[in-house]
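This report looks at aromatic ring pairs and then at the surroundings of the ligand.

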Amino acid sequence: MQDKINQYLAEVEAFSASGNQDTENFRIKFLGRKGLLNDLFEEFKTISPDQKKVMGQELNKLKNAVQQKIDSLQQSTGPVKSSQEGMDLTRPTGAVPYGSRHPLSIVRGEILDIFSRIGFTVADGPEIEDDWHVFSGLNFPPEHPARDMQDTFFIRKKGDNGEDEMVLRTHTSSVQVRAMENQKPPIRIVMPGRVYRNEAVSARAHCQFHQIEGLYIDEGVSFADMKQTLLYFTQEFFGKAKIRLRPSYFPFTEPSAEMDVYWGLQTEADYRITKGTGWLEIMGCGMVDPAVLSASGIDPQKYSGFAFGMGIERITMLRYQIDDLRMFFENDVRFLKQFS
Ligand code: DAH
């Protein structure tokens with residue numbers, strides 16, 4: 001055993017490395033799990049106790065010599081970076097692909113931007129709402145069909161202690177009511193958000209979609225103000241010059257109207273999407289019903305206002321010629337990346 005140790009000591013002494021891979025091989029040869037030192041320590045277990053004292057010292061001498069050799073070699077050749085060897089860490093990576101904005105976000109942003117230029121700010125409210133903000137505060141009679149099970153997702157029944165029924169909001173008009181309760185006129189806001197209706201999913205209908213609601217209340221706001229505001233929006237967003245207001249009915253506005261945009265009949269597609277009329281229905285609107293104002297604590301003698309509401313999906317489909325509503329909710333990257 002002494003002979004072997006002497007021989008190894010000489011070998012360690014004489015060893016020189018030309019690169020850090022040499023140093024690593026040397027380390028493995030002596031200190032590795034199946035290395036020479038482990039062999040010697042195994043042998044050490046078998047020798048007589050009086051020999052152990054001397055041999056123990058000799059073994060430690062060898063071990064220290066090996067370790068010192070490795071330390072000094074690593075100082076000159078650098079530590080071993082076996083897995084990184086040959087790798088240039090300063091090289092630039094390949095291009096990281098950008099994500100893209102969802103078409104609904106793009107269109108929502110554009111609409112908010114258009115209204116912000118004429119002084120509208122953005123407001124929002126909860127998607128899980130009580131009956132008051134979705135229906136009663138908006139003048140919906142108790143037996144109005146919009147409250148029907150076919151349309152509304154009910155979350156909680158009317159409580160025994162008088163807690164209001166909770167629903168998933170069926171329109172963003174609920175945010176109007178919150179705004180009127182919490183702010184004093186003048187109020188000039190747009191309210192984007194997600195709404196829910198209990199409908200079967202198809203290319204034309206979905207159980208969730210998005211709306212933008214608008215509300216303007218001040219002293220002396222007139223139907224003419226509404227008309228001009230909606231015309232401005234149409235010109236900015238669609239680049240179309242003509243709108244018309246058709247009489248309609250909503251419980252929360254009086255008078256109420258549907259706003260149509262004159263799309264034109266230039267192309268075959270124009271005929272198809274306007275069903276040959278040239279006109280496209282874009283939103284509902286009207287003068288806020290005095291009963292709605294007073295229900296939210298605004299004096300209808302002093303103030304008047306208009307409101308409007310439109311579906312974001314519908315106008316996004318027009319803008320990008322998308323013909324299936326489900327595309328918006330499937331998150332198919334092949335669809336989404338077309339909008340980057
Ligand atoms: N809330 C209506 C809907 O979901 C849209 C609407 C119509 C909103 C007229 C309004 C309005 O503010 O004045 O169909």
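F328 and F335 are both buried, where buried means under 20% relative accessible area, exposed over 50% and partly exposed in between, with a 1.4 Å probe and protein chains only. This is a predicted model, in which local features need pLDDT of at least 70 and side-chain atom pairs count only at pLDDT 80 or more, whereas totals for chains, interfaces and linings use all residues. Residues are numbered from 1 along each chain as its sequence is written, and side-chain values use heavy atoms, with hydrogens and water left out.

A search of the whole structure finds 20 aromatic pairs; rings of Phe, Tyr and Trp (its six-membered ring) pair if their centres lie within 6.5 Å, and planes under 30 degrees apart count as stacked, over 60 as edge-to-face and the rest as tilted. Two edge-to-face pairs are listed here.

| Ring pair | Centre distance | Plane angle |
|---|---|---|
| Y320 and F339 | 4.9 Å | 80° |
| F328 and F335 | 6.3 Å | 70° |

Y320 is partly exposed at 29% relative accessibility, while F339 is buried at 14%. Ring pairs also join F115, F120, Y216, F233, F237, F238, W263, F306 and F308 into a cluster.

F308 also takes part in the ligand site, where one of its polar backbone atoms lies 3.3 Å from a ligand oxygen, a polar contact being a pair of N or O atoms within 3.5 Å. An N or O atom in the side chain of E213 is 2.5 Å from an oxygen atom of the ligand, and a polar side-chain atom of S173 is 3.0 Å from a ligand nitrogen.

Terms used
A polar contact is a pair of N or O atoms within 3.5 Å; within protein, one must be able to donate a hydrogen and the other to accept it, and residues adjacent in sequence count only if both atoms are side-chain atoms.
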